[in-house]
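Subject: Structure for your review

Hello,

I am handing over the structure we discussed. Please look through the coordinates before reading the notes under them.

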Amino acid sequence: MQLQTAFDEYQKALKAGQKEQKERQAAGKEAGPLVLERLLNKAERPQTQQIGYVEIPTERIVGTRTAGRTTAFTPSFLPLLDRDTEFAAKWSALCAAHLSDEGIRDPISCVEYMGQFYVQEGNKRVSVLRWFGAPRIPAVVTRILPPVTQEPRIQAYYEFLDFYRDTGSYHIQYRVPGDYKRLLSRLGKEPGEAWTAEEKKIFRTYFQIFTEAFHACKGEHIELLPEEALLLWLRIYPFRD
């Protein structure tokens, strides 16, 4: 019965994927996930860091490391292959595991680049968990560092690395240098000050609530990130409000 339910879920996810694909094609947008190997300069040998096991924000998973599976998914990792394929059977088996007491336990393997994640192994796990609205996914992460330049986004990313060291949070990805320092100031924290486990939990929970409210207000239509909206909010209100 559970497997039949899983096949039914695949059919629903497939219809949603086909709808997303058609809408993106009509808008002249890329119909598949981003591919990391297309973004990197092949002439350069990238510097990497092994981050290890972490729970990563689902919305930060934007693509795959290679182009091998891009035709099987939409950018939001909805499935695109027919129900009678081996892919659909494996997706449904993972879905059944997710719906059971067992759950999906194995972490995915992925690469982080500029604060976004590209799946190396575990695309179907990402697809199933995103379909059911999981806010975080366990992952074994390798970080690729971009070459240091004066570009504001690059400078902000290297500020993020300090922020991540203290907070362990991937949720905040500013684009303007100095914004991490401004956030810490409004939270009553100092750069380089490590956060306690309780502080990390509270911040993650509150920011998730703030982000949901931001999307409910269609904030993304003014090309503002939730974390940038948070800085504006904190000019007026305390974080716990």
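The model is predicted.

Helix 1 against helix 3

Helix 1 and helix 3 pack with their axes 8 Å apart, at an angle of about 120°. Angles over 145 degrees would count as roughly antiparallel and 65 to 115 as roughly perpendicular, so the two helices are oblique to each other. Their crossing is right-handed. On the helix 1 side the contact is made by Gln 2, Leu 3, Thr 5, Ala 6, Phe 7, Glu 9, Tyr 10 and Ala 13. Helix 3 contributes Phe 87, Ala 88, Ala 89, Trp 91, Ser 92, Ala 93, Cys 95, Ala 96 and Leu 99. By class, the residues of this contact are 13 nonpolar, three polar and one charged.

Helix 3 against helix 4

Helix 3 spans residues 86-99 and helix 4 spans residues 123-131. The angle between them is about 55°, and their axes lie 9 Å apart. That value makes helix 3 oblique to helix 4. This crossing, too, is right-handed. From helix 3, Phe 87, Lys 90, Trp 91, Leu 94, Cys 95 and His 98 meet Lys 124, Arg 125, Ser 127, Val 128, Leu 129 and Trp 131 of helix 4. The residues of this contact comprise seven nonpolar, two polar and three charged.

The second largest pocket

How much space lies in the second largest pocket? The figure is about 380 Å³. Its lining consists of Glu 20, Arg 24, Lys 29, Glu 30, Gly 32, Leu 34, Glu 59, Ile 61, Val 62, Pro 75, Ser 76 and Arg 130. Helix 1 (2-26) and strand 3 (61-64) each supply at least two residues of that lining. Six of the lining residues are charged, four are nonpolar and two are polar.

Regards

Terms used. Residues are numbered from 1 along each chain as its sequence is written. This is a predicted model: local features need pLDDT of at least 70, side-chain atom pairs count only at pLDDT 80 or more; totals for chains, interfaces and linings use all residues. Side-chain values use heavy atoms; hydrogens and water are left out. Axes are lines fitted to C-alpha atoms, for helices over the stretch in contact, and angles run from 0 to 180 degrees between N-to-C directions. Helices (H or I, at least four residues) and strands (E, at least two) are DSSP runs, numbered from the N terminus. Angles under 35 degrees count as roughly parallel, over 145 as roughly antiparallel, 65 to 115 as roughly perpendicular and the rest as oblique. A crossing is left-handed if the near helix is turned anticlockwise from the far one by less than a right angle, and right-handed if clockwise. Contact means heavy atoms within 4.5 Å. Ala, Val, Leu, Ile, Met, Phe, Trp, Tyr, Cys and Pro count as nonpolar, Asp, Glu, Lys and Arg as charged, and the others, Gly among them, as polar. On a 1 Å grid over the protein atoms alone, a cavity is a set of points where a 1.4 Å probe fits but cannot get out, and a pocket is an open set with protein on both sides within 12 Å along at least five of seven lines; lining residues have an atom within 4 Å of a point. Grid points are joined across faces, edges and corners, and a volume is the space filled by probe spheres set on the points.
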